[in-house]
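I opened the model to look up the sheet, the annotated domain and the surroundings of the ligand. My notes follow in the order I checked things.

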Amino acid sequence: MGLYDKYLLPKLLNLAMKAPEMTRLRRELVPLATGRVLEIGVGSGLNLPFYAQQVHVTGVDPSLELQAYAREIAQDAKLAVEFLAVSAEAIPLADNIFDTAVITWSLCTIPDPDAALREVRRLLKPAGKLIFIEHGESPEANIATWQRRINPTWNKLAGGCHLNRRPDTAMLANGFKFAEMTKGYIPGPKIATYSYRGIATIA
Ligand SMILES: C[S@@+](CC[C@H](N)C(=O)[O-])C[C@H]1O[C@@H](n2cnc3c(N)ncnc32)[C@H](O)[C@@H]1O
């Protein structure tokens, strides 16, 4: 890992992910988590203040640099959080143990999002739910073209983030169906803000 990825990127990500509309969406969706919660790509912990006090969160993310921020937030929020510094594609936990999974703006970055979603499906109880807020491919052809063009450079600067993934297609392909789904741009450059958010359950 280079100096940019180790020292500067965690600071930039932590700032960029605090955009007001992102915070509004976290506040709207994260409190819907119940019971034992698996957060994939917990990052700097920006969802943690929005969980109900009764939940127990397991936060999965390989970045120890971001985990340092998340630990502080968990402490301030007096929230029980267990951090696992592993990749979402292979989580060393038993099947069917979580009531809720939460993924926000991480399926864009996880190297193998299909494998991560299969893990989420394995770890969720049969009646469990997946709360998601993601960004991805725009339905506008000219924006999608620009997403494809810029993607290789963006990927290097933004810690592996892809502009044009389809989180909805990936969820459907890996054993989920949608209970609720909203699509549309949030404020910001169109190439990075076409959003997919809602709740999926096991198909
Ligand atoms: C754009 S950040 C989003 C962080 C956080 N979910 C949020 O909403 O602020 C993407 C996150 O995906 C994490 N990530 C990258 N590869 C991963 C993997 N294989 N498994 C789990 N998380 C991963 C990164 O470390 C980073 O925290």
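The model is predicted.

Sheet. I traced an open sheet of 7 strands with mixed pairing. I wrote down its order as E3-E2-E1-E4-E5-E7-E6. The edges are strand E3 (81-84) and strand E6 (176-185), each of which pairs on one side only. For the twist I noted an average of 15° from one strand to the next.

E1 and E4. I then looked up how strand E1 (residues 36-40) meets strand E4 (residues 98-104): the two run parallel and are joined by 4 bridges. Across this pairing, leucine 38 stands opposite alanine 101 in E4.

Helix on the sheet. I asked which strands helix H2 (residues 20-29) touches. H2 packs on the sheet and touches E4, strand E5 (124-135) and strand E7 (194-202). I recorded an angle of about 165° between the direction of H2 and that of E5.

Annotation. I looked up the UniProt record, an unreviewed entry, and found "domain: Methyltransferase type" over residues 38-132. Within residues 38-132 I noted 26% helix and 29% strand. The end C-alpha atoms of this stretch are 12 Å apart.

Ligand. Which of the 21 residues around the ligand come nearest? I listed Gly41, Gly43, Ser87, Ala88 and Thr104. I also sorted the shell around the ligand by residue class and got 12 nonpolar, 7 polar and 2 charged residues.

Notes:
Residues numbered from 1 in each chain as written. Predicted model: local features only at pLDDT ≥ 70, side-chain atom pairs only at ≥ 80, totals over all residues. UniProt positions renumbered as here; feature names shortened; annotations may be inferred. Near = placed C-beta within 6 Å. Nonpolar A, V, L, I, M, F, W, Y, C, P; charged D, E, K, R; others polar. Pairing = 2+ DSSP bridges. Axes fitted to C-alpha atoms, helices over the stretch in contact; angles between N-to-C directions. Contact = placed C-beta atoms within 7 Å.
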